[in-house]
Amino acid sequence: MDTQGHISTEFNEALTAVKDNTVAIGILAQKNVENAFAGLMQRDVSLCNQVIADDEEVDQLEMQIDNDSLQVMAKYRPFASDLRLVIASMKITHNLERVSDHAVSIAKRARKILKGEEIDEISFLEPSYKHAMIMLNTALSSYVESSTEKALTVLTMDEKLNEYHKKATKAYTKKLEDPCDNHKTYLNLVFINRWIERVGDLSTNIAEDVIFMESAQDVRHGGELED
Amino acid sequence: MNSKLIQLEDLGFSYDLGKTETIKGVTLDIPANQVTAFIGPSGCGKSTLLRCLNRMNDLIDTAKITRGTIKILGQDIHASDVDSIELRKHVGMVFQKYNPFPKSIYDNVAYGLRIQGEKNKSTLDEAVERSLRGSALWDEVKDRLKTSALGLSGGQQQRLCIARTIAVQPKVILMDEPCSALDPIATAKVEELITELRKEYTIVIVTHSMQQASRISDRTAFFYLGEVVEYNTTETIFQNPSQQQTEDYISGRFG
């Protein structure tokens, strides 16, 4: 979505700021999920702590984007693609703030897990995580590049993520049914697996917002993109 | 609802006896009981086209319809048996600068009916009250109908001009930037009035305010260099126009 070309250079700058900050919050949220998972896998508590601290920046940026967007709407009364850019950016920002919240939840559970002994089954999370991160990355790229094509790709990835999520959940549930001393850890892994799946869901939301931004079409809840 | 109250077919218009066309082959249908907005940069022909609809341009010696037709309720308004004065009874007009006559409020509203020969006082009283109520002005002026219209505020004067227009019960009301000289409160009142008037009249409005067009109109036509670039529902024009030129204009990228 082109933020340039308006007669008002201030309007160009205001729209560009909204877009740039949305990209920035995307990078921060993505990094927080990566650090949370790395903290868990590498048994690095300091990375987990960093995620919890860095979430504050995401929260602040969310409020700034909301405020800037409000200013753009009040001051410049945008229409058509400009209006869709502002609305979509606000919604995407909200989704990214929630991604970062899930990163914090993962980090907090990871700290609990790291207090216990290392278990091999932690690797069951990897397929879900890798897939969710590809979804998040592709969704963010689709926003940066204004690519409906990339956004559509994200929508097709959701089913596979659900499969990975179910498979890991099943494996952990089975472990919980067995007699062992690591019940709490497996329960925490079920939660983490759930939050990873939520990151994928939120990536889908972001992709849907990008499609709306680019095509003015609402593909949420099973809507199809028309030519 | 008549979806084609006004029909323009390949309309061409020239201010210099046909040497250059200001309107270049415009075709569009304007539905009844809706507000249709004409938008576009200065000089694009939107006000000229508006004035074609009640043959106001006939008053200019060198003005000429170069091609095409304008039909209102199926009647070609340039047919030899159509009288332009008669036409303007059915197609009223409200101008950018409110222009009440230097007469009383009552006389302003009754003016059109009187020149049509209406002399019955109770008929005139009834029409004045109905029109002032219709233009949402009655409560503000009912106790001073005999005072000068020039003593009213700008917004009230513009609504008085609307009352004067609707007193003769036209089919169509043309409005040429009716709020451009008004403050935001007076503008809001006129816009509210336009929304109400649509129930009884067909309104065509020229406006430079994109917000106004998006707020009050049902359909919008974007003009550029004498041609219609895009004509669609207002929702489509302002949310997802099909033409890049329209998008550029409404989003302030034009020029």
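Colleague: Which strands of chain B does helix α6 (residues 154-167) lie across, and at what angle does it run to β6(B)?

Modeller: In this predicted model, α6 of chain B lies across β6 and β7 (172-176) and runs at about 170° to β6(B).

Colleague: What makes β6 and β10 of chain B edge strands?

Modeller: The sheet is open, with six strands in the order β6-β7-β8-β3-β9-β10 (chain B) and mixed pairing. β6 (91-94) and β10 (227-233) of chain B each pair on one side only. On average, neighbouring strands in this sheet are turned by 20° against each other, direction ignored.

Colleague: How do you know that β3 and β9 of chain B pair?

Modeller: Pairing takes at least two bridges. Strand β3 (residues 35-39) and strand β9 (residues 219-224) of chain B are joined by four, so they count as paired, and they run parallel. One detail from there: Phe38(B) has Ala221(B) as its bridge partner in β9(B).

Colleague: Why does the radius of gyration of chain B agree with a compact globule?

Modeller: A compact globule of 255 residues would come out near 18 Å, and chain B has 18 Å, so the two agree. Also, 46% of the residues of chain B count as buried.

Colleague: And what makes up the side of chain B that touches chain A?

Modeller: Twelve residues from chain B meet twelve from chain A. Those of chain B divide into four nonpolar, six polar and two charged.

Note on methods
Residues numbered from 1 in each chain as written. Chains lettered and ligands numbered in written order. Predicted model: local features only at pLDDT ≥ 70, side-chain atom pairs only at ≥ 80, totals over all residues. Contact = placed C-beta atoms within 7 Å. Nonpolar A, V, L, I, M, F, W, Y, C, P; charged D, E, K, R; others polar. Rg over C-alpha atoms; globule rule 2.2 N^0.38 Å. Buried ≥ 20, exposed ≤ 12 C-beta atoms within 10 Å, placed from the backbone. Helix = DSSP H or I, 4+ residues; strand = E, 2+ residues; numbered from the N terminus. Axes fitted to C-alpha atoms, helices over the stretch in contact; angles between N-to-C directions.
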